[in-house]
Each structure stands twice: as structure tokens, then as C-alpha cells.
Amino acid sequence: MKVTDKVAIVTGGASGIGKGLCSRLLENGAKFVAILDFDPEKGQNTATEFSSKYGTERVKFYHCDVTDESKMKSTFREVYDVYGALDIFANNAGIISNDHRKTIEVNLVIYSIQLHNSEEQILKVRKLHFGGGSCEAPGGEAFLCFRNSGRPVCRSEDLNAPRDNKSFVTKFVRLYFYVDISIYMINVAVINALIIAEKLMTQKKRTEKGVIINTASMAVFKATELTNCSYNASKHGVVGLTRCFKVCRDGFSKDIRCNAVCPALVMTGLYTSGDYMTKELGERIEANRYREISVDMVVDAFMRAIDDEDLNGALLKITTSGVEVDTS
């Protein structure tokens with residue numbers, strides 16, 4: 001797909017990789033780029049910068065938290081209604097935090113909703129796994145963490161599941177149940193945004209395929225001391241989503257391509273914002289500078305994922321050696 005005259009939405013677009021991508025899309029003639037971000041000051045500053053350079057009619061900032069489903073839907077719909085199309089969606093928003101739950105909520109938050117399957121099918125799966133009962137998880141607790149002592153933290157109080165058996169095994173199964181039946185009941189921040197975008201992209205008959213690009217990480221393929229377990233787990237989910245998009249039974253449109261970029265170390269606000277940065281982490285980052293890649297390298301990979309119409313379900317792995325395209 002050529003970017004010229006296309007309409008794009010970029011989450012996490014106010015800074016770092018997202019900002020670099022917004023700039024590149026505008027440079028390459030995009031008709032309109034919507035910058036979505038939870039930081040209103042950075043978002044507006046970026047929009048103002050780009051408006052003066054590329055024109056006020058071609059870019060706009062939308063204050064939006066990707067964990068707010070209602071806000072996401074209304075924002076995507078506003079862009080579509082105003083510009084009559086959605087051609088490119090960069091599913092880029094993400095964080096890393098000492099708050100494991102928040103990391104999962106932004107990068108891979110799990111709700112309990114129906115995708116393309118009936119309530120009867122969902123109840124059947126519940127019964128198969130639990131022998132009946134309700135298994136809603138409004139709190140998104142499908143992530144199991146361990147204390148430093150090695151004792152499990154099983155927050156079954158957050159689950160509306162039967163509580164007749166308080167054993168660790170039962171709690172463990174309940175927690176991971178939500179992951180196990182993801183084809184029936186999963187809706188994550190990344191997946192939620194993808195679903196919203198996919199529906200809008202295919203409301204009208206397309207003359208060329210729309211493109212969704214997810215942001216994953218090289219941490220999926222090689223464990224690193226720079227990231228934590230919740231970040232790594234969430235990015236594994238993004239890779240799984242990307243690989244299965246064109247073949248899974250959810251019935252996603254064949255008029256949409258979906259790929260993922262997987263950057264190695266990129267020094268953006270990911271590490272330095274919030275509560276994650278420590279003196280020790282800073283020292284580790286310095287020791288790993290030899291693995292650092294630039295924002296421009298990642299944006300190049302995004303553009304390749306957009307331009308190359310043969311790429312669908314591909315992972316673009318970006319390291320200091322260049323870009324490796326994994327279509328396995």
C-alpha cells in the first residue's frame with residue numbers, strides 16, 4: 001500500500017516510535033494522521049508541531065487511553081466519519097511498569113467479552129473447564145505473579161468464579177482459564193483496538209487491503225534483563241495475535257493485512273517515564289547500548305510492513321544487524 005492520500009490512526013503517537021511514524025506518514029503524503037495518546041500535553045505539542053509543518057487539516061491529536069474501550073470506539077468512529085475511511089492503523093501504544101497489572105492492561109489487558117462466538121458456546125466452555133458457574137473477569141486478572149519468596153499471588157478474590165476449592169491448583173487453573181479460552185472470550189487493549197479498526201476499515205468495499213501494524217518486541221525471542229515479566233508476556237500475546245490474524249476462526253476480513261514490528265532496545269520514554277527507571281536499570285541499559293537501535297530504524301520497518309503487500313502475519317525483527325522478516 002502506498003501511503004499517499006491514506007487515512008491513518010497511530011496510538012501512542014505523541015512521542016518516541018509513534019511520533020516518528022506519524023511524521024513519516026505525513027512526509028509520505030498521508031491524507032490525515034490521527035495522533036492518539038493518553039498524555040494530553042505531549043499529544044497537543046506533537047500535533048501543533050506537525051500542523052505547522054504539514055498543515056492543520058492533515059493531523060489532529062485525540063486524547064485517548066487505549067484501556068478505555070468506549071473512548072477508543074468513539075475516537076476511531078470520529079476519524080472514520082470525518083475522513084470517510086481508515087486505511088492504516090498502527091497499534092503502537094504500550095508501557096512498561098513495576099505495576100504488572102497496569103502493564104498488562106495497556107499492552108494486553110484481558111476482558112471477558114464475546115468476539116464472534118455465541119453466549120451458548122461460551123457457557124459450554126465454562127462448563128467444560130469448571131463444571132458450571134460464572135467465570136466473568138471484569139478486573140482482567142489473567143496474569144499470575146510470584147513474590148520474591150517464590151510464593152504465588154493468586155488473586156481469586158478478583159474473580160467471580162466458584163470458591164468451593166481454595167487450593168493453589170484451582171486458583172491457578174481459574175486464572176489461566178481466561179488465556180486458555182481466548183478464542184471465545186478474549187478482548188485485550190491491543191486486540192480491542194484491532195477489532196475496532198478492522199470493522200471500520202471494511203465498512204466499505206476496499207480497492208486495496210487495509211493495514212494494521214502491531215508493536216511487539218525482540219524481548220519475545222530473547223529474554224532480556226531490561227524488561228519485566230508482564231511486559232514480556234504481553235508482547236508474546238501481540239506476536240501470537242499477529243501470526244494468527246489471517247487464519248484464526250474469528251473471521252477477520254481478508255481485505256486487511258496484519259503485521260508486527262519487533263524492535264530491540266530503543267531509548268524512548270518507555271523506560272524513563274513512570275515508575276520503572278532505577279539506578280540499577282540505568283546501569284543495565286548502559287551496558288546494553290551495543291544493542292540499541294534508532295527510532296528511524298523502527299519506523300523504516302513500519303513503512304515496509306505498510307508498503308509490501310505480500311506481508312501478512314509477518315514479524316519484522318529489528319536489531320543492529322538490520323530487519324529480518326519472519327513469516328513462519
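This is a predicted model: local features need pLDDT of at least 70, side-chain atom pairs count only at pLDDT 80 or more; totals for chains, interfaces and linings use all residues.
What is the handedness of the crossing of α1 and α12?

1. The crossing of α1 and α12 is right-handed. Helix α1 spans residues 16-27 and helix α12 residues 295-307; their axes come within 9 Å and cross at roughly 55°. The two helices are therefore oblique to each other.

2. On the α1 side, the contact with α12 is made by Gly-16, Ile-17, Gly-20, Leu-21, Arg-24 and Leu-25. Their counterparts in α12 are Val-295, Asp-296, Val-298, Val-299, Asp-300, Phe-302, Met-303 and Ile-306. By class, the residues of this contact comprise nine nonpolar, two polar and three charged.

3. Helix α1 also has a relation to the strands. It lies across β1, β2, β3, β4 (88-91) and β10 (256-263), and runs at about 170° to β1.

4. The sheet is open and has eight strands, in the order β3-β2-β1-β4-β9-β10-β11-β12, with mixed pairing. At its edges stand β3 (59-63) and β12 (322-326); each has a single partner strand, so one side of each is left without a neighbour in the sheet. Direction ignored, neighbouring strands of this sheet are turned by 20° against each other on average.

5. Both senses of pairing can be illustrated. Strands β1 and β2 (residues 32-37) pair in the parallel sense over five bridges, and Ile-9 has Ala-34 in β2 as its bridge partner. Strand β11 (residues 315-319), by contrast, pairs with β12 in the antiparallel sense, over five bridges; here the bridge partner of Leu-316 is Val-325 in β12.

6. Is strand β1 buried or exposed? Five of the five residues of this strand (residues 7-11) are buried, so β1 is largely enclosed by the rest of the structure. The cover extends to both faces: Val-7, Ile-9 and Thr-11 are buried on one side, and Ala-8 and Val-10 on the other.

7. The segment before β1 contains Asp-5, a residue that deserves a separate remark. Asp-5 has a positive phi of about 65° although it is not a glycine. Most residues other than glycine have a negative phi. With a relative accessibility of 56%, Asp-5 counts as exposed, because the cut-off for that class is over 50%.

Note on methods. Residues are numbered from 1 along each chain as its sequence is written. Side-chain values use heavy atoms; hydrogens and water are left out. Axes are lines fitted to C-alpha atoms, for helices over the stretch in contact, and angles run from 0 to 180 degrees between N-to-C directions. Helices (H or I, at least four residues) and strands (E, at least two) are DSSP runs, numbered from the N terminus. Angles under 35 degrees count as roughly parallel, over 145 as roughly antiparallel, 65 to 115 as roughly perpendicular and the rest as oblique. A crossing is left-handed if the near helix is turned anticlockwise from the far one by less than a right angle, and right-handed if clockwise. Contact means heavy atoms within 4.5 Å. Ala, Val, Leu, Ile, Met, Phe, Trp, Tyr, Cys and Pro count as nonpolar, Asp, Glu, Lys and Arg as charged, and the others, Gly among them, as polar. Buried means under 20% relative accessible area, exposed over 50%, partly exposed in between (1.4 Å probe, protein chains only). Two strands pair if DSSP finds at least two bridges between them.
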